[in-house]
Structure formats: structure tokens, C-alpha cells
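Student: Could you walk me through this model? I'd like to begin with how the chain folds back on itself.

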Amino acid sequence: MEAILSKLKAKAEIAPDNALLRDTISLLTDLHRNEAITQRVTWDSLIRDFQRLQDQGLWDISEDNTKLLHTLRRFLTTRPPKESDRKPANNMPGPSHPTSKVSQGSFSIIYPDSETAPSPLIPTSDPVLLPLELVEILNRTYFHHLLATDPNRVVPPGKSLVSMLSGPPKGGEDAEQPTLRDKVEDLVHKAFWDEAIESLSNPEPSCQLPRIKSLYQDLLISLTPLLPSQSPVITTLSSPLPPTSSPLNSAIMHLREVVVSLRKRCAPVQDQDLDDLLRSLDEPPLRSSRPISLATLVVDTVKSILKISDVMKEQLSQFVLGNMTEQQLQSAISKQAKNKERKDIVDIWKSWRIESDWRIWLENYQPSFQVNGVAAESQFKWVIRLVQALGSSTPISCQLPTKEPQSIENSLPPILFFSAPALLEIQNYLQALVIAASLRTLIRVSQGAQASDAMSFMERLWILLKAEIVEEPGSGETKLIHLADEVVRARQLDGAMLSEEEETRLRTAVTRTLNHDDPVFVLLQKRILKALADALCHQRSDSRQAGAHAGLPKMQTGHDGKRAEKRARITIVSDPEELDAAHGVETPRLTVGRVQGFDDEYLRKVVEEVFVKVDECVRWVEGVWQDVLRVGAVDREFAV
């Protein structure tokens, strides 16, 4: 640490006014004095600072400096591990190979280009007050959100969910050119392997054994997803090394066992590479040869095993991905989307602003409809506040994460940022329902033979209203004319012969009824909002009571009175931590009672569909932000 600080301080004498250089020196000085703060510093952020310094001519890429970076990274990533944790070897400068289980991050989302992305949250063609990089992050997270909540919007026609996923990225002919960071990391990795060979070349067993053990630890982490837990190889790699006068020869014997085990489990395409390793291990340099020869064989074999294990894990993840059920895929995508959404919002808005905006939003609790019974409970206050926002005549919005946010009417708090587009659409649907019910009061609902015409009126009306919501071409400007035409047509089908004056009065009544201040409109809106609030709150109350009084689980052996179903020959069991526990869980059905003024059969069906959309949004927010909903504070330890 002192050596790298000395070099930076020397540069500071040349550029005393460089803020980045001063900040880097200050950070490294703090790290040197107090190792505890390494918990709050990441290598990614630190290497970016060195890249920027290099761009400014204040840091040179040389062999000595590469070794200094290697030492710094080892210092930063070496933390006291818990006994229960299994971590990479502390002297590994960085993962030159994946060290997590295949099931963790075993697939990623294929994001479309910003210009071609369907339904972008922030169109890149529009001028915004945000950096393009931040816009890209927000749009990708929203795309992931849609893939979990409304996949039909983003999955191309004729494609399945699996088409939107990919395995871990791999290199190829079309791989991007290496960046400065890639080159730096390559140098760091090379320095690590060169140091490993140097340590193993020392003829003293006391010097060789610690380095061999650290290599075994990296092999253990990389091979654990590929081999059974009871495998002798796993046992060997995880056990203490026995005392020996020839650690390198013992290591060659152990590495041969590893290669043989992988040879049994790999795809045929890897056979040749593993056979080559076996031949080199079966014909090691003579004991009389220089120690560096054996050391090089051991290190090169470890590097090859790690590389081959990467390929095998990639193939395994693709197999798992292709054999997951649609429900498992949806659950895994949902879990990823929730984690990404929460992380991005906390990173961009920061906890203090999330909590402040949430508190201010709740304080503006002024529902226009009556709130009583279960809905009046404090735990449902945020649900009522959301319904209040949905009932406003001002479109719902959510402020962009700018440094100086402006005051916007009917603005949602940050935790609803990615749900805001869906909530805006729901707001339009609720308003369309009130419009439809209001216009229905202007016609006579026939009994008997002509009842089908009255139903046809409501269906035709809803087609016009929905067309404007989804912004179909040709809708919007002529909407009012078309709605009035439908009302006139319905009156005529009822047998009424309208004079020109009567038709004019009827069209005027249509215009008046669509006014948000019209008494009929206001009354019907209060009714639909109260029904929505009651349905959401009652369902959550029933769900809580059902959980508290859940009976004993059914037997899984097929002896509970029903014959056990046939099982698939191959069942892919994903890591539970990668699946969304809330996805697919049966909950009490959303009960929509009779809403006066919305009695039409077709309208009742649409009301239920819209209420379900709101419920899905509420459930999503509950799954991501339960800590904020309960206590109004962001819990850093909260797990989705």
C-alpha cells in the first residue's frame, strides 16, 4: 500500500490540483489506516479510478505498477470470512473464472438495442435531463420488469420466454475488442499465475503447501457445481493437505483425479482437451529436473481445468435453461427483475430520498371516496393512497432521478417508478369505465328482445375507449364524435325517432357527461374507486387470515386419497434462492361485488379485468418493497 501511495503522491506533486488524484490518495490512505472500511469499497470502482488516472496521464501501465495493482486488489478482497462462508482463496487477485454456482446468475436477459426496444420507459430520441448511460440502465430494468409482469409486450410473436434468455456470456469471433480494464485485468491475472509458479518453484515444502492449498480452494469453488458433493475429488480439495516431502508430486496425483472425474462428466467435445491434460500428467518432468518444471505443469493444469470447467458450466446452464418449465422460467425472471429493480432504485435515488418521498406521498392522503371497514386499517393506507392517485384527473407520473426534482401533481414515489406506466394505463382504464357507465345512463336499457342491442352498445363503446388507451392509429381526435354516434345509434335501436333538435341535445348531453365535474361522472367514479379499494384490502385481509389458519400440508406420497401423478423422467430442480417464492402462489380470489351503475354484464367483466390489473401491480410492489410499505424505511438486509 505504501508503494502505490508513494507513486501517486509523486504524481500529485506534478498535478496538485487534480481532484481525482487527491480523492484516490485520500481513499487509499484511509484504507491503509483502517482496514475495516474495505467492506465499503469495491475493486470495480477503484479500478475505474485508476483507468481515469491512466487516461489523464497520471498512472502508467508497467510491470511494476501491475504488481502493485495486484497487491492492492488482494488487500481489498481479503476480508475475514465467516466459518460458514465458502470464499475464493484470498490471494486470488480476481475471478479469472466464475466462482458461483451455476444456478446463481446462470442466465441473463438479452436486452434489445435502445433504438429498437419495445415500449421503452424513456425514449432515447426524446431530450432528457439524464446521462444516456443512466437512461440505458433505466430502460433495461424496465424491459426486465415487463418481461416479468407483461411478457406479451416485449416477447416477439411466435417466440417463448426462453428466447429472451442467454447463458453466461462467452467469447467468440464477434466478441468486443478488449477494453483498458480488460487489459489491466489480464496483466493482473498473468502476474498472479507467474507468482504462483515462482512460489511453487521454491523447493521448501513450507512454501509450496500454502500456495497449493489456495489453488485447491479455487478449484473447489469452480468444480462444486459440476461434481456430486460426495465425490472423492471434492473431499480431497476441501480437506487439509497431508504433510509430504514432495507436495508437487502429490498435487499432480490429485490433479489427475480431478481430470479423470471431469472426463466422465464432460461433453464429448471436451474429451480431447482432457486427454491432453492426462497425458501431460502421466508423463511429468523427472524429479531430478528443476522445480520450476513441475511447478509450471501444476499451474498450467490448474488453469486448464478452470477454463474447461467454465465451458462445462456454461453447457450445463444452457441444458438447465432449456429444460426448465415455463413456470420455473417465469419465476426465475421475476426474481431477477425484482432484485434488479430494487437495487437500481436504491442506487440511483438513495435510501434517504426514497424514504422522504414515500412519507410525503402518504401524507397527502385525501381519498374522495368513503373508506371504512377493513380498508380503514393503517396497514392498507398506502393501498388507499394509490387508489386515490388512480382516481385523479391528473395523469400519474413519477419524477426522473434528477438532482433538482420539480414538484409535479399526482407524482408517485420512487418505489413505484417502474410500475408507473402500468398504473397510468390502469388510470385510463378506470376513467374509461366511468365514461362507459356515464354514457349508459343516456340510453334506455331494453328488456327482452332488444337486450342484445344494449349489450352490443356497451361492447362497441368499450372498443372505442380501449382503442384510445392503447393508442391505436386513428383514435383520439374523433373519439367524442364516435361516442356520441354510438349513443344516438343505441337510442334509435330502442325504437326512438330522434329529431335533429333531440339528437343535438343528446350529443350535448354526451359532451357534458364526459366532464370530470359532472355529478353523474363524479358519483360513478366514487363508486368504482371505493369498490376497487375494498376489493384490494379485503383480499389481503383474507389472504393473511388464510395464512394464519392454514391446515396441515397434504401428504406427498399419494396416500391422501388421490393417486399420485406420474412424474417426468427428468425433473430440473432449480436453486430455490433463484426462484421467486411469491410467483405462482395461490391467493384468495379478488372478489368484486356489485357496483351500482356498472351492472351491465359486459361492463362487470371489464371491471373485474381492470381490478385484477391493479392487484397485480400492488402484489409486485409488495414483493419488492415490503420493508418500505411496513415501516417506511429501506432495509439494506431485506431479501426479495
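Tutor: Among contacts (heavy atoms within 4.5 Å) between residues at least 6 apart in sequence, 72% join residues at least 24 apart. This is a predicted model, in which local features need pLDDT of at least 70 and side-chain atom pairs count only at pLDDT 80 or more, while totals for chains, interfaces and linings use all residues. Residues are numbered from 1 along each chain as its sequence is written, and side-chain values use heavy atoms, with hydrogens and water left out.

Student: Switching topic, where is confidence lowest and where is it highest?

Tutor: The pLDDT, which is the predictor's confidence in each residue from 0 to 100, is lowest in strand 2 (residues 165-166), with a mean of 60, and highest in helix 14, at 95. Over residues 79-105 the pLDDT is below 50, and this stretch has 63 contacts in the model beyond near neighbours in sequence. The chain averages 77, and 74% of the residues score at least 70.

Student: Ok, which elements do the buried residues of helix 13 pack against?

Tutor: They pack against helix 12 (326-349), helix 14 (381-390), strand 4 (411-412) and helix 21 (626-631). The buried residues of helix 13 include Trp358, Trp361 and Leu362.

Student: Last one: how do the axes of helix 15 and helix 20 cross?

Tutor: The axes, which are lines fitted to C-alpha atoms over the stretch in contact, with angles from 0 to 180 degrees between N-to-C directions, come within 10 Å and cross at roughly 160° for helix 15 (residues 420-440) and helix 20 (residues 601-624). That makes helix 15 roughly antiparallel to helix 20, the term for angles over 145 degrees. Among the residues that meet there are Leu423 and Ile426 in helix 15, and Val606 and Phe611 in helix 20.

Key. Buried < 20%, exposed > 50% of the residue type's maximum accessible area, 1.4 Å probe, protein only. Helix = DSSP H or I, 4+ residues; strand = E, 2+ residues; numbered from the N terminus. Parallel < 35°, antiparallel > 145°, perpendicular 65-115°, else oblique.
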